[in-house]
Amino acid sequence: MKFVDEFRDPELIKSTVGEIESLMQGRSYRVMEVCGGHTHSIYRFGLEQLLPSSLEFIHGPGCPVCILPMDRVDEGLKLAAQKNVILAAYGDMMRVPGHSGSALELKASGLDIRMVYSPLDALKIAVDNPQSQVVFFAIGFETTAPATALTVLKAQELGLSNFTVFVNHVTVIPPMRAVLDDPDLKIDGFIGPGHVATVIGACAYDEIARDYKKPVVVSGFEPLDILQSLVLLLRQLNNGEARVENQYARVVPWAPNATASTVLAKVFELRPTFEWRGLGAILQSAVKLRAQFSQYDAEVRFAEVLANHRIDLEKDRIERGRGPSTPCGEVLKGLIKPNQCALFGKECRPEKPLGALMVSSEGACAAHFNYAHERID
Amino acid sequence: MCLAIPGRVESFVDAERRMALADISGVKREISVDLLRGEGAQVEIGDWVLIHVGFAMSKISEKQAREQLEVLAMLGEAVAAAEEARGYGQS
């Protein structure tokens, strides 16, 4: 058992692995961990190698930069190319390749693109640069959406007229339903995202258990958390149960964060549909600013720019086809493993990613690449 | 971005207690505590919180804060987390 010594409590890890082995006897299950943080942890600690091969992990669509389609990346970068515009983006977003390069590359070529760690810092750039239009490239699930929402409210309070948000916030339940609706994907249960549930509450997963009869265990991020969550999940599966259990109750409450929910509902409304990389269009799976906040909506302020860009892109698509395509979607859906992609580790590497899954440490491909040398395959 | 960074609330910056000065692994930065103003969730000086993109998202115990720091270290994310914390308010 490699790695066991570096765990906080090696004995507990061993006994938990033993429990999983006995629960798995004569059975095989496919479990999806939705969150990129869990994917990272599973790879970092080689958990797949510790566990029976009949227990298969499907690395789900829970990494915000990984699921953003390239067209949205391009649109955000197109805004950066407008006169007098400063684009502010999170670090993860800086390296995601668009058709004409990444934000980092475009910044090197002279565009004013700045990395921020918080939407409040994008707001500060707007306050400090009244002569420029500042666009914040907002991404993330419900974990970061309330931060964006509060920042919009603050911009309103300050009466700023040079701050807009390019909103790409997505919601976690619809993609879980989408993978369950996909006949190609057979998933027996979920390791539920942890930190997103501090906003939506563990109760949010109830509909998955109820409507699809699939168990969900909300989990912490330590190896022992994930193993203990697997024990809870396997016990349910073996007993034919489908409930939501909260292994991460020390951080995640059952109920949603009331303040965050109020702010989200005040500022955002559901988009009718949103495109996910690899998963296609998913109904009501993302949000946009409500009409009353349209002056802070980059898609409203730059509507013409974006419309023209979409026309150009479509012309380009018709004339030349798209650039190099990557089978990220198949990896995202768990149909192939990262290293089964022909580009993996060759044309597509963490330092020069072709696909978004290779960009973030929470993407399945980057995690696989970074820790593959430590694996016993 | 998806892994939270623990910090300890040191003082409040504004009268409405929406912004706080937090100690995040030795770095002192302004964070928003606006999301923890709901009933039963109020933040007090000395409280530990989990921080995402400059916003405190949940209150935790000191033990949980230490555990979360260890998780970040184990995942090789401690440096990135410290860099993120240092970056708040520095744009």
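The domain assignment of chain A gives domain 1 (11-61 + 176-246) and domain 2 (66-171 + 256-320), with bounds that come from an automatic or database domain assignment. This is a predicted model, in which local features need pLDDT of at least 70 and side-chain atom pairs count only at pLDDT 80 or more, while totals for chains, interfaces and linings use all residues. Residues are numbered from 1 along each chain as its sequence is written, and chains are lettered from A and ligands numbered from 1 in the order in which they are written.

**View 1. Domain 1 and domain 2 of chain A.** Taken over C-alpha atoms, the centres of domain 1 of chain A and domain 2 of chain A are separated by 32 Å. Ten residues from domain 1 of chain A and twelve residues from domain 2 of chain A make the contact; two residues are in contact if their C-beta atoms, placed from the backbone, lie within 7 Å. On the side of domain 1 of chain A that touches domain 2 of chain A, helix 11 of chain A gives the most, with three residues. Helices (H or I, at least four residues) and strands (E, at least two) are DSSP runs, numbered from the N terminus. That side of domain 1 of chain A has six nonpolar, four polar and no charged residues. Ala, Val, Leu, Ile, Met, Phe, Trp, Tyr, Cys and Pro count as nonpolar, Asp, Glu, Lys and Arg as charged, and the others, Gly among them, as polar.

**View 2. Helix 1 and helix 13 of chain A.** The axes of helix 1 (residues 10-24) of chain A and helix 13 (residues 223-238) of chain A come within 10 Å and cross at roughly 25°. Axes are lines fitted to C-alpha atoms, for helices over the stretch in contact, and angles run from 0 to 180 degrees between N-to-C directions. Helix 1 of chain A and helix 13 of chain A are therefore roughly parallel to each other (angles under 35 degrees count as roughly parallel, over 145 as roughly antiparallel, 65 to 115 as roughly perpendicular and the rest as oblique). Their crossing is left-handed; a crossing is left-handed if the near helix is turned anticlockwise from the far one by less than a right angle, and right-handed if clockwise. Contact residues include A:Leu12, A:Ile13 and A:Thr16 of helix 1 of chain A, and A:Leu227, A:Val231 and A:Leu234 of helix 13 of chain A. The residues of this contact divide into twelve nonpolar, three polar and two charged.

**View 3. Helix 5 and helix 16 of chain A.** Helix 5 (residues 70-80) of chain A packs with helix 16 (residues 303-320) of chain A at an angle of about 130°, their axes being 10 Å apart. That makes helix 5 of chain A oblique to helix 16 of chain A. The crossing of the two is right-handed. A:Asp71, A:Asp74, A:Glu75, A:Lys78 and A:Leu79 of helix 5 of chain A meet A:Val305, A:Leu306, A:His309 and A:Leu313 of helix 16 of chain A. By class, the contact has four nonpolar, one polar and four charged residues.

**View 4. The loop residue A:Asn84.** A:Asn84 is in the loop between helix 5 and strand 3 of chain A. Phi of A:Asn84 is positive, about 70°, although the residue is not a glycine. With 11 C-beta neighbours inside 10 Å, A:Asn84 counts as exposed. A residue is buried if 20 or more other C-beta atoms lie within 10 Å of its own, exposed if 12 or fewer, and partly exposed in between, with C-beta atoms placed from the backbone.

**View 5. Chain A against chain B.** In this interface, 35 residues of chain A are in contact with 27 residues of chain B. Among the elements of chain A that each supply at least two residues are helix 2 (36-44), helix 8 (119-128) and helix 9 (145-158). The side of chain A that touches chain B has 15 nonpolar, twelve polar and eight charged residues. B:Leu75, in the loop between helix 1 (62-74) and helix 2 (78-87) of chain B, touches A:His40, A:Ser41 and A:Arg44, not counting residues up to four places away in sequence. B:Leu75 is buried, with 23 other C-beta atoms within 10 Å.

**View 6. Helix 8 of chain A.** Seven of the ten residues of helix 8 of chain A are buried, among them A:Pro119, A:Leu120 and A:Asp121. The cover over the buried residues includes strand 5 (133-140) and helix 9 of chain A together with strand 3 (27-32) of chain B.
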